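Please open the structure in your viewer, with the sequence alongside, and keep the selection tool at hand. The stops below can be visited in order.

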Amino acid sequence: FVRASGRFPLTAVGDVNTYALFAEHSRDLLAPTGRAGIIVPTGIATDDSTKAFFGDLVHEKSLASYFGFK
């Protein structure tokens with residue numbers, strides 16, 4: 001359903017991760033100059049299935065900071 005909806009073009013690929021869907025949806029809800037602080041697993045930045053989403057965050061300069069914890 002998530003893949004077919006077209007609502008999550010950057011994160012509804014491969015093994016669908018609900019954290020990634022949440023992150024993409026949160027980004028879509030923001031105003032153009034809006035900001036949000038979201039705590040999600042490190043895989044959002046490192047997993048192969050979310051590389052398009054994280055790459056778009058970097059390309060669009062939407063990412064102010066990233067902190068990874070073990």
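The model is a predicted one, in which local features need pLDDT of at least 70 and side-chain atom pairs count only at pLDDT 80 or more, while totals for chains, interfaces and linings use all residues. Residues are numbered from 1 along each chain as its sequence is written, and side-chain values use heavy atoms, with hydrogens and water left out.

**The start of the chain**

Select Phe 1, which lies in the segment before α1; helices here are DSSP runs of H or I with at least four residues, numbered from the N terminus. Phe 1 counts as exposed, at 85% relative accessibility, where exposed means over 50% relative accessible area, buried under 20% and partly exposed in between, with a 1.4 Å probe and protein chains only.

From Pro 9 to Leu 29, 20 residues apart in sequence, the C-alpha to C-alpha distance is 15 Å.

**Helix α2**

Now select α2, residues 18–29. α2 has twelve residues and reaches 16 Å from its first C-alpha to its last, close to the 16 Å expected at 1.5 Å a residue, the expected span being 1.5 Å times one less than the number of residues. Colour Ala 20, Leu 21, Ala 23, Glu 24 and Ser 26, which are the buried residues of α2; they pack against α1 (2–5), α3 and α4, with contact meaning heavy atoms within 4.5 Å.

**Thr 50 and helix α4**

Move to Thr 50, in the loop between α3 (43–46) and α4 (51–59). Is Thr 50 buried or exposed? With a relative accessible area of 1%, Thr 50 is buried, and it touches Ala 20, Gly 43, Ile 44 and Ala 45, not counting residues up to four places away in sequence.

Continue into α4, where Phe 53, Phe 54 and Leu 57 are buried. These three cover an arc of only 95° around the axis, which puts them on the same side of α4; the arc is that of the directions from the helix axis to the C-beta atoms. An α-helix has 3.6 residues a turn, so residues three or four places apart point the same way. The buried residues of α4 pack against α2 and α3, whereas Lys 51 and His 59, on the other side of α4, are exposed.

Just after α4, stop at Lys 61, which takes a positive phi of about 55°, a positive value in a residue other than glycine. Lys 61 is exposed, with a relative accessible area of 75%.

**The largest pocket**

Finally, select Ala 36, Gly 37, Ile 38, Leu 63 and Ser 65, which lie nearest the centre of the largest pocket among the 29 residues that line it. About 890 Å³ of space lies in this pocket. α2, α3 and α4 each supply at least two residues of its lining. By class, the lining has 19 nonpolar, seven polar and three charged residues, where Ala, Val, Leu, Ile, Met, Phe, Trp, Tyr, Cys and Pro count as nonpolar, Asp, Glu, Lys and Arg as charged, and the others, Gly among them, as polar. A pocket is an open set of points on a 1 Å grid over the protein atoms alone, where a 1.4 Å probe fits, with protein on both sides within 12 Å along at least five of seven lines, and lining residues have an atom within 4 Å of a point. Grid points are joined across faces, edges and corners, and a volume is the space filled by probe spheres set on the points.
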